[in-house]
Every structure is written in structure tokens, then in C-alpha cells.
Amino acid sequence: MHARGKRWIEHWDPENERFWEETGKKVARRNLWFSILAEHIGFSVWTLWSVMVLFMGPQYGFSAADKFLLVSTPTLIGALMRPLYTFAVARFGGRNWTIVSALLLLAPTILAAIAMEPGTSLLTFLLIAALGGVGGGNFASSMTNINAFYPEKHKGWALGLNAGGGNLGVAAIQLIGLLVIGTVGATAPRVVLYIYIPLIVVAATCAYFFMDNLASMKGDTKAMREVVKDPHTWVMSFLYVGTFGSFIGYSFAFGLVLQNQFGRTPLQAAAVTFLGPLLGSFSRPTGGWLADRIGGGKITFVTFVGMAAATVVLILASTSNSLALFTVAFIVLFVLTGIGNGSTYKMIPAIFRAKAKVAISEGADETLEMLKARKLSGALIGLAGAIGALGGLFINLAFRQSFADTKSGVPAFIAFLVFYGLCFAVTWAVYLRKQQSEVASTRGLALAGAEV
């Protein structure tokens, strides 16, 4: 490795076994751990309002529909920020952008600390929540960056661990919210914010001292334009709406659903809310690990079937007013979203590696094709992450309308059930059919099904 300026790595060849064992592995792991830290804090800030709404009692004057709108806002902005954050890694370098993106988290956190009191208008809260969307962008830049550090055979584990560690930020801030409500009370939301402001500074400082930029990613502005032309981009983005969109949407909505459908107090809701994101985050690396060994397409298919089954149980629990069954089914659904998150992200680099192998077998240069595969998979990770996050917006809007019309989440769950059915049908049709090779060839989807 030769550095160009401070913390720039000129040569990076993770597919070379000797390079990986002697040099690459240690550097990649160091960048992975500090990427996880920054992304973890980003997720916490992004999902901040899933906690803040639990502090908003009657004195704030907001309806259930207002609160669902409030938690929907950062979901939307975070989704829109993700493509920009993906480009930022190529433009500024992974380390450099991690520092900047971490420091940007200070704005919504500090403003929330100033505004969080009864009498503040809904519009003001919506604007601050929108600024919190920058935390959602951190995921795209972090995943794109880490994807470039790891060889294909370790991507499922590395991307799953990176994303799972980041996703834990959702559970972490909800757990802190629970501790604050349980000790200080439901009238002290600023305590949560005072905890996170110094943590943001710590994440930015660690990125400054311990992370690196990869020169091979710098100046890569064409990958996104190329990847949008690939049919797999839209298939994988659709599937990611079902996995990550469900995870982030339910993370924002779980506490509000418990309060509005089962009459839970803020403390009672907070005592359960963090469990779903916590277990869903832990299961994400498992999904990547299983995909590495069994195949991403197979794991994704089984996951969607399980998510559909869990949604049926949620509908039954809602109609029978069974809080215990509802809670268990919702937590199982979270675990399945985590597994699906890991398996779908494993599928993305596998698809482009398979395409590269086809090109190499036809005489293309191996080094250039593998580099291209890494760039395209990084671009798709950013794009799929953005589109997938929009699923979180749709989930919260569906809940908002469902409770406004019927004071129940059942109509929303029925819609989610239909969608999960479409997801497992698409997974089977594109990646698991025996005739896949012929179909893929006729549609220009040249890939090796066994790898995906």
C-alpha cells in the first residue's frame, strides 16, 4: 500500500489472497469497526423521533396522525439523502465523508434539544425531524465504503455486520429512551439528546484518526448511471423495500402502534419497542452469513414467506386484541427483516461478480472487470438503500391512514401481507426457477444463479 496524502490507500486488491492475508484484512477490519460506530450513531439520530413521540403527552396537543407524520418525515428525507451519500464516498473518500456525515448529525440533535417542549408547533418539529434524515444517509455511504474493502467471499459477513451494527442504533436510542422515561420521567426528553451530542463528536473523532480512503473509489461518478440500466437494480431495490423498508418502518411505528391499538403508556410501550430493532439488528449478520453458505436468493425467499406468515399472526392478534401474541409476532417479524436485510445485500455483489466472470470468460481483463463489479455493487447498494428506506415511509403512512380511518392497524397489515406475497413471488421468479439461466439470458440478466 502506498498512501497519497494522509489516510489515502492507492493500491487495494482484496481478491488477491496474499494481499488480503498480509495487509488487507487488518486494514479492512479497522475501517469496518469505526464505520459501524459512525453508522450506529447515524441510525440513532435518524430514528430519534420514534423515541421523542413517546414523550409527547396530551400537553403537546398532537394527534396519533400527527405523530405518525412526524416519524414519517425523517424516513423520507433519509431515503432521499442516500444516493447523494453514495456519490459522496466516491467524491470525497470513505474516511473523509464519514467525518463530515457524523458532524452533520449535531444539527438535528442540538435543535431538537432546544425545541423539545410543549407549545412548539408541529411545523417546527417536522422541520427538525426532516434534518434528522441525514442520519439515514450515513447507511448508504458506510455500506458503499465497506463493500469496497472486502473480498467477495467475506462480503456477506462484513456487510451484514456493518449494517447490523448500524441498525443497533435504532434499538440503542429506544433503550436509552426507556431508561430516561423509567428513571427521570416522560417529561425529560432532553436527557436523551444530551447523551447523544457527545457521542456524535466521539464518532467523528474516531473516523478522523482510524479510518482510510480508497483511491480506487475516487472519481467514480459513472457507476450510478450504469447501474440504473441493469434490470437487477430494480428487482433488488424492490426486494429491499420489503426487508429494510419493513425494518425501519416498524422501528419508527412500533411504539405508536402499541400506544394507539393497545392503550400502552409511554413507559409500557418503550419497555417493548426496543426489542424488535435489537433482535432485528442482531439477525442481520446472520442473514449475510447464511447467504454466504446457502445462497442469498434462497434465504431471501424463505424470509419473505416467514414475514407473510408473521403478518397473518399480527392480523389475528389485532382482531382478537391479544397483546402478548401481537408483541411476539411483531418481534419475530423484526428478526426476519434483519435476516432478509443481510441476504439481499449479499445478493448485490454476487450478481455483479457473476457478470464479471461471464465477461472474463469471454476474454475481458480480470482486474478491470472485478474493479467494475465492486464499483457497480457499491452504486447499487446506495440506490437500493435509498429506495428500500422509502418502504419505511410507506409503512408509516399506511399506519397513519389505517388508524385515522378505523382506529386499528389491521388494514395496514393486510396491505403489507399482499406486498410480502409479491416479494417472495418475485424472488422465486427471478432467482430460483430452474429455467433461470435461459430466462436470464433472454432478458440480459447474465448471472450465475448458484452465486446469488
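Helices here are DSSP runs of H or I with at least four residues, numbered from the N terminus. The model is predicted. The largest pocket holds about 250 Å³ of space. The second largest pocket has a volume of about 180 Å³.

**Largest pocket**
- The lining is made up of 14 residues.
- Nearest the centre of this pocket lie Trp-12, Asp-13, Thr-367, Met-370 and Arg-374.
- Helix α16, residues 366–406, contributes the most to this lining, with 6 residues.
- By class, the lining of the largest pocket splits into 6 charged, 4 polar and 4 nonpolar residues.

**Second largest pocket**
- Its lining includes Glu-226, Val-227 and Asp-230.
- Phe-352, Lys-355, Ala-356 and Ala-359 also line the second largest pocket.
- Glu-369, Lys-372, Ala-373 and Leu-376 are among the lining residues too.
- Three elements, α10 (223–227), α15 (323–361) and α16, each give two or more residues to this lining.
- The lining of the second largest pocket has 6 nonpolar and 5 charged residues, and no polar ones.

**Val-312**
- Val-312 sits in helix α14, which spans residues 296–319.
- Val-312 and Phe-413 are 101 residues apart along the chain, and 8.1 Å separates their C-alpha atoms.

Technical notes. Residues are numbered from 1 along each chain as its sequence is written. This is a predicted model: local features need pLDDT of at least 70, side-chain atom pairs count only at pLDDT 80 or more; totals for chains, interfaces and linings use all residues. Side-chain values use heavy atoms; hydrogens and water are left out. On a 1 Å grid over the protein atoms alone, a cavity is a set of points where a 1.4 Å probe fits but cannot get out, and a pocket is an open set with protein on both sides within 12 Å along at least five of seven lines; lining residues have an atom within 4 Å of a point. Grid points are joined across faces, edges and corners, and a volume is the space filled by probe spheres set on the points. Ala, Val, Leu, Ile, Met, Phe, Trp, Tyr, Cys and Pro count as nonpolar, Asp, Glu, Lys and Arg as charged, and the others, Gly among them, as polar.
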